[in-house]
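Reader: I have a new model on screen. Can you walk me through how to read it?

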Amino acid sequence: MTAFGPVAAYEKLQGDGEIRQDADQLMVVQRLQRLHDELVNYPEIAANSTGLSIKNWRLAHFFRKSGSKKTPKGIYLVGGVGRGKSMLMDLFFEVAPLKSKKRVHFHEFMLDVHARMKVWRGLSGKERAALGGRASEDDPIPPVARQIAAEATLLCFDELQVTDIADAMVLGRLFREMLERGVIIVSTSNRPPDDLYKDGLNRQLFLPFIRMIKETFDVLTLDGPTDYRYDRLKGVETYYTPVNQETTDKLSEAFFRLTDRDVENRDKVPTAQLLVQGRKLFVPKSARGVAVFSFKRLCANPLGSADYLAIARAYHTVIMVAIPQLSHEKRNEAKRFVTFIDALYEHGVKFLCSAEVAPADLYPAGDGSFEFERTVSRLIEMQSEDYLHRGHGTES
């Protein structure tokens with residue numbers, strides 16, 4: 001058993017004043033500590049040169065089957081917005097005693113799965129055999145599960161939710177294949193298992209996955225009385241005008257407040273990258289589900305709805321700096337801004353910004369100015385109490 005686990009890390013955050021005492025969170029941390037202890041000396045599956053470590057997997061599989069090391073149960077952590085689910089999972093991930101581990105947003109993970117499946121279907125029999133599979137293995141799910149297991153013995157998913165029928169049809173078999181190979185899964189979700197893919201097409205085919213979650217994971221509820229995310233937004237303006245040093249400083253202060261970071265450590269704010277259709281989208285500042293971009297980076301460059309959807313799915317709060325007043329010459333920028341705001345709004349993302357003028361004056365004339373009126377309406381609504389209480393990833 002290692003000395004520094006989730007409980008010690010949680011207590012350190014409390015001692016440093018970054019989080020307050022919360023009995024509901026502590027209950028979850030104690031369960032995460034038990035999983036942490038079970039992972040000490042747990043056999044990992046390190047990838048070999050082909051990316052598939054069949055020999056290592058067989059050794060680990062025999063080790064577990066022999067009874068000397070039981071595969072620990074994964075955790076499905078469900079609760080309302082702002083209760084600290086992602087924070088606790090990140091804390092667990094950072095101190096987890098495994099080298100082979102991956103923390104990823106669930107939507108990004110599924111995009112990668114579908115891309116891998118497409119690649120496998122296009123391989124020749126010889127290429128499949130070279131990757132440790134069978135030449136005649138047309139079903140892509142088992143080899144993709146092997147690939148994932150070879151890359152990460154521990155998988156941590158943020159915001160597991162299922163709205164796409166393509167995901168729904170893959171998930172049950174994919175998870176079962178990964179679990180059979182000893183992969184440990186920890187996931188957060190705003191929805192209890194029974195509400196996943198609710199009212200979805202052919203949902204009856206998805207029900208076995210729900211049963212598997214309930215049978216093979218510990219389902220924990222984190223739904224304490226305090227919405228920490230909303231608490232941090234109380235008293236914080238979301239729309240600042242004009243664009244100057246004062247409003248820039250206020251947005252900076254809001255970022256540090258929302259992320260519980262020390263304002264003195266401005267140089268230590270991490271960057272990030274999002275994978276979008278095989279491309280990497282750079283995020284200049286990224287911490288605890290909050291991202292910072294300039295208007296120029298997101299709207300003056302040739303980005304599209306796929307980029308904005310990736311941002312909306314990955315971050316519960318987005319800060320945009322320096323939105324200019326747009327003229328008819330900037331119609332492309334205005335169109336991208338409309339698409340960007342639509343993506344944020346539809347996913348309940350909180351939006352803070354600095355702008356030259358009020359929402360109604362951002363794009364008064366030009367191609368698409370009539371359609372822009374909906375964006376003005378949404379920008380105003382996104383400042384409301386009702387919107388700020390919305391959960392991330394939930395529709396209005």
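**Reading strand E11 and its partners**

Author: Start with pairing. Strand E10 (residues 290-294) and strand E11 run parallel and are joined by five bridges. Keep in mind that this model is predicted.

Reader: Which residue in E11 does Ala291 stand opposite?

Author: Ala291 faces Val318 in E11.

Reader: How many bridges link E11 to strand E12?

Author: Five bridges, and the pairing is again in the parallel sense. E12 covers residues 350-355.

Reader: Which helix makes a β-α-β unit with E11 and E12?

Author: Look for a path from one strand, over a helix, to a second strand. Here the helix is H14, residues 331-346. Together E11, H14 and E12 make a right-handed unit.

Reader: Why is E11 called largely enclosed?

Author: Count its buried residues. A residue is buried when its relative accessible area is under 20%. E11 spans residues 317-323, and five of its seven residues are buried, so the rest of the structure largely encloses it.

Reader: What share of the chain's residues is buried?

Author: Buried residues make up 49% of the 396. The accessible surface comes to about 18900 Å², and carbon and sulfur atoms hold 50% of it.

Reader: How many helices and strands are there in the chain?

Author: The chain has 16 helices and 12 strands.

Terms used: Residues numbered from 1 in each chain as written. Predicted model: local features only at pLDDT ≥ 70, side-chain atom pairs only at ≥ 80, totals over all residues. Heavy atoms only, no water. Helix = DSSP H or I, 4+ residues; strand = E, 2+ residues; numbered from the N terminus. Buried < 20%, exposed > 50% of the residue type's maximum accessible area, 1.4 Å probe, protein only. Areas by Shrake-Rupley, 256 points an atom, 1.4 Å probe, with all protein chains shown as cover. Pairing = 2+ DSSP bridges.
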